[in-house]
Every structure is written in structure tokens, then in C-alpha cells.
Amino acid sequence: MRRDHPRKDRHMTDIQVVHDPSRLRYLASIGDEPAGFAEYILTDELIVFTHTDVDPRFEGEGVGSALARFALDETRAAGQRKVMPLCPFIKGWIGRHREYVPMVYGAPESTARD
């Protein structure tokens, strides 16, 4: 398989993520290049992640993961809303990072005991 844009060795630290509340998006960039975004809708009780998009040039390089982690960590720190992951990427990412499951609206309480 030929890639038009050869993969460069990137580290998660090369990916910058910022929150743009005026556009209801989290934006990822690598250097000066836009690399992806995660869109959401807000309600009084929820942040509903609706769509995540990564530029094809940066697919498989951790951009989506950086967006998910940043957005979910910021949401958890604010402590105001539960998460409703309608976006398949965010939903799948949470499924692979189980420590975020308690943030999901409707997720059952853990019955684990220390």
C-alpha cells in the first residue's frame, strides 16, 4: 500500500489539542497543520460527542486518541456533565480506556470492592 504522505515519527507531545467552545469543538494540530477535531453538543447535564474527524494525512498517529483524552479529561475536571458518546470513535475509545466509563451517562455503578 502506497501512502501519499509518508508517516513521520510523531509522539503524543507533538499533537496539540485546544478547546474552542465558540465552535463546540476540540481541535488537534501538529505544528501549524490542523490534524482533526471532535464536535459536541451541550445540555445542562451532558456533553454529547457527535463526530470526530482526523485528517487522512495523520490517521493512525494518535490524533483521535489525543482529542478523546483531552476532551474527556477536561470534562471530568469540570465535574459538571456526564458524557454521551454518540460518536463511534469516542465510544470505542472509552471502551478501550475503561477508567472513563464512569463518566458515561447511564453507565452502571461499579460493584467492585477494594
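A: Start with Arg23 and Asp20, whose side chains meet in a salt bridge at 4.0 Å, N to O. This is a predicted model. The two partners fall into separate accessibility classes. Arg23 has 46% relative accessibility, so Arg23 counts as partly exposed. Asp20 has 17%, which is under the 20% cut-off, so Asp20 counts as buried.

Next come Arg57 and Glu33. Their side chains also form a salt bridge, with 2.3 Å from N to O. Arg57 sits in the loop between E4 and H1, while Glu33 belongs to strand E3, so this pair ties together parts that are 24 residues apart in sequence. Arg57 is partly exposed, at a relative accessible area of 25%. Glu33 is partly exposed too, at 32%.

The pair Asp73 and Arg76 is also a salt bridge, with the closest N and O atoms 3.2 Å apart. Both residues are in helix H1. They are three residues apart, so about one helical turn separates them. Asp73 has a relative accessible area of 31% and is partly exposed. Arg76, at 39% relative accessibility, is partly exposed as well. Some salt bridges share partners: Glu33, Asp55 and Arg57 are joined that way into one network. The count of salt bridges comes to five. Side chains of opposite charge can pair when their charged atoms come close.

Now the sheet. Its five strands run in the order E1-E2-E3-E4-E5, the sheet is open, and the pairing is mixed. E1 (15-20) and E5 (82-85) are the edge strands. Each has a single partner strand, so one side of each lacks a neighbour in the sheet. From one strand to the next, the twist averages 25°.

E3 covers residues 33-42 and pairs with E4, residues 46-54. The sense is antiparallel, over seven bridges. Within this pairing, Phe37 stands opposite Asp53 in E4.

Then the helices. H1, residues 63-78, holds the Asp73 and Arg76 pair. H1 lies across E1, E2 (25-30), E3, E4 and E5, and runs at about 140° to E2. H2, residues 88-96, lies across E4 and E5, at about 120° to E5.

The helices also pack on each other. Their axes are 10 Å apart, and the angle is about 75°. That makes H1 roughly perpendicular to H2. On the H1 side, the residues are Gly64, Ser65, Ala68, Arg69 and Leu72. They meet Phe89, Ile90, Trp93 and Ile94 in H2. By class, this contact has six nonpolar, two polar and one charged residues.

Finish with the segment after H2, where Tyr105 is found. Tyr105 and Arg81 are 24 residues apart in sequence, and their C-alpha atoms are 8.8 Å apart in space. Setting aside neighbours within four places in sequence, Tyr105 is in contact with Leu46, Lys82, Val83 and Met84.

How values were computed:
Residues are numbered from 1 along each chain as its sequence is written. This is a predicted model: local features need pLDDT of at least 70, side-chain atom pairs count only at pLDDT 80 or more; totals for chains, interfaces and linings use all residues. Side-chain values use heavy atoms; hydrogens and water are left out. Two strands pair if DSSP finds at least two bridges between them. Helices (H or I, at least four residues) and strands (E, at least two) are DSSP runs, numbered from the N terminus. Axes are lines fitted to C-alpha atoms, for helices over the stretch in contact, and angles run from 0 to 180 degrees between N-to-C directions. Contact means heavy atoms within 4.5 Å. Angles under 35 degrees count as roughly parallel, over 145 as roughly antiparallel, 65 to 115 as roughly perpendicular and the rest as oblique. Ala, Val, Leu, Ile, Met, Phe, Trp, Tyr, Cys and Pro count as nonpolar, Asp, Glu, Lys and Arg as charged, and the others, Gly among them, as polar. Buried means under 20% relative accessible area, exposed over 50%, partly exposed in between (1.4 Å probe, protein chains only).
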